[in-house]
Every structure is written in structure tokens, then in C-alpha cells.
Amino acid sequence: MNRHDLHTSDGVRLSKVVVTPAATPAPPVIALIPGWCMPASIWENQLAAFGARHLTLALDPRGQGDSGVPATGYNFERRAADLHEFLAPYENVLLVGWSLGALEALQYVHLYGENKLAGLVLVDSSVGELPVPPPGGGFLDALREDRDKALDEFVRAMVAKPRPEEEITTLIQDAKRMSLDNSIALLSSGIPREHWKEIAHTCKKPLLYVVTPQFGAQARNLEKNRLGTRIAVFSDAGHALFVDEPQRFNALILDFAESISGRLG
């Protein structure tokens, strides 16, 4: 497991984790994108499991993890450009985006197409299907009022099973690397939810939608409305379901990767 830097077209240093199998990597390449304010290291279990067979990457988006913390670029267009530059050296990528990272993956497809991709995995994020999720303005107000308290509650609520206190503390500190205003900007795009639905429906690559019950109805609607969509619901896990149930999640992704590997030429 190695870290490498890349420099974006607007001069920001991004950090990525790269795991190369001991034997010749099986297709596809697997690329992991974390959620709002979270580091690439949250995929630690997946990097080990996937990296035993596939070339596996995880990105620290700008302002997160070990990447640089610029003053600008905390919007979907720039973050999609960052993904475009992150994926530039690779082909046949299974792109796995969690939470905000799932929407950034969809925006990447919208702006740059799907030629680089072998498939797409969206993890526990609203994709524009019905029903409409409850408004999230209360969280933004909580951040403005008491950021430390809001982040503590947010990180602890991401998992359903207890995690080591040191791990929780590290994630909270990581979440504070970017400014409060920029962290709020990431959640305040104003993009209509129908935008995400259209991208998901028009993407021609194999799609797997993995959710907790909060998005279970959306998952069933996407499965019904978009032919060939696979879904999985983690009923007993928190938002970071791959942390709560890594063995099930890892097996699911590896099976999906295997199912699309035969289509790669």
C-alpha cells in the first residue's frame, strides 16, 4: 500500500493510495471515493481486500485526508475535474463512490463520459429517485452553531457498531481540515435531484446501488426504472456500511467486479 501525489490543473496537490497485487492484477481497476470530509483511509479494509486481486486506488479529495487544502474548488464541477485527472492514467475502472462521493462520481460521468469506466457503484447516497429524502438543512445549521459538536455526532452516527475511540477522534479531526464555509459549500450545490437521476439512468455501464434502509425505496425504484441495475440493502449497518459490514460489502463488490470483467476487452 503506497501513497502518491498528483497535481491538478488548478495547482492542488491530491494524495492517492495505490495497492498493487503481488500477481498480475485482474480487471477491472477499482477506485474508491470517500464521502463528505472523510479520508481515503476510511476504505482501509477494502484496500486490503480488493488489492489482493485488483489494482486498487483510493483518493483523498481536495481538503480531505492527506491532500492539500486550497481555498477554492469545493463544488461539483471542480471535484469532478479532480476525479477526471485522478483517473486519467487508468482504463476499465470500477468507480465506487460513497455518500457525497457517489454524487461526485455521477457528476464525473456527466461531464467527462463513461469511456474510462467498467462499472459504477453508488453507496448510500440519494440518486434522485422517489421518495424525496428529508431536508438536511438542520445539519448545516448545527455546523454553523457548534462545528465540533455537530462533527462528533455525525462521525459517531456513521456506524452502527462501536469503533475504537482513537479512530473516531481521527475522523473528526480529519473532517475539520477544510474551512467551515468550504465544508458547507460541498453540501449546498443547489443542483436539483433530478440531475442525479438522469445521469444514473443514462449511464450505460453496469451499476450497483448499495444502501441502508434510508434509501431502500429509492434503490427499489432505481432497480425497477433502470434496466439491469443491481441493488443491495444493508439493514443493520450505519451510513458507512462498508465499515460496519466489511466482509459482506467486500464480497459484493468483488462479485460485481467479476461479473463485469468478462466484458472488458
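**Entry 1**

I started at Asn92, which sits in the loop between helix 2 and strand 5 (93-98). I take helices (H or I, at least four residues) and strands (E, at least two) as DSSP runs, numbered from the N terminus. Asn92 is not a glycine, yet its phi is positive, near 50°. Most residues other than glycine have a negative phi, and most peptide bonds are trans.

I note that this is a predicted model, where local features need pLDDT of at least 70, side-chain atom pairs count only at pLDDT 80 or more, and totals for chains, interfaces and linings use all residues. Residues are numbered from 1 along each chain as its sequence is written, and side-chain values use heavy atoms, with hydrogens and water left out.

Next I looked for cis peptide bonds. Pro27 and Pro28 are joined by one, with omega about 0°. Pro28 belongs to the loop between strand 2 (13-19) and strand 3 (29-33). Leu130 to Pro131 is also a cis bond, omega near 0°. I find Pro131 in the loop between strand 6 (117-123) and helix 4.

**Entry 2: helix 2 on helix 3**

I turned to helix packing. Axes are lines fitted to C-alpha atoms, for helices over the stretch in contact, and angles run from 0 to 180 degrees between N-to-C directions. Helix 2 (residues 76-87) packs on helix 3 at about 80°, with the axes 8 Å apart. The two are therefore roughly perpendicular; the classes are roughly parallel under 35 degrees, roughly antiparallel over 145, roughly perpendicular from 65 to 115, and oblique for the rest.

I listed the contact (heavy atoms within 4.5 Å). Helix 2 brings Phe76, Glu77, Arg79, Ala80, Ala81, Leu83, His84 and Leu87, and helix 3 brings Leu100, Leu103, Glu104, Ala105, Gln107, Tyr108, Leu111 and Tyr112. By class I get 11 nonpolar, two polar and three charged. Here Ala, Val, Leu, Ile, Met, Phe, Trp, Tyr, Cys and Pro count as nonpolar, Asp, Glu, Lys and Arg as charged, and the others, Gly among them, as polar.

**Entry 3: helix 3 on helix 8**

I followed helix 3 to helix 8. Their axes come within 10 Å and cross at roughly 65°. The crossing is left-handed; that means the near helix is turned anticlockwise from the far one by less than a right angle, and right-handed means clockwise. Leu103, Leu106, Gln107, Val109 and His110 of helix 3 meet His195, Trp196, Ile199 and Ala200 of helix 8.

**Entry 4: helix 5 on helix 6**

Helix 5 and helix 6 pack at about 130°, axes 9 Å apart. They are therefore oblique to each other. I record a right-handed crossing. On the helix 5 side I have Arg147, Leu151, Asp152, Val155 and Arg156; on the helix 6 side, Glu165, Ile168, Leu171, Ile172 and Ala175.

**Entry 5: pockets**

I then checked the pockets. On a 1 Å grid over the protein atoms alone, a pocket is an open set of points where a 1.4 Å probe fits, with protein on both sides within 12 Å along at least five of seven lines; lining residues have an atom within 4 Å of a point. Grid points are joined across faces, edges and corners, and a volume is the space filled by probe spheres set on the points.

The largest pocket has about 1200 Å³. I count 31 lining residues, with Ser126, Pro133, Pro134, Gly136 and Leu187 nearest its centre. Helix 3 (100-112), helix 4 (137-145), helix 5 (147-157) and helix 8 (193-202) each supply at least two. Helix 4 gives the most, three residues. The lining holds 19 nonpolar, 10 polar and two charged residues.

The second largest pocket has about 290 Å³. It has 13 lining residues, and Ser41, Ile42, Glu44, Arg163 and Glu167 are closest to its centre. Helix 1 (44-51), helix 6 (165-175) and helix 10 (241-244) each give two or more. Helix 6 gives the most here, four residues. I noted five nonpolar, four polar and four charged residues in this lining.
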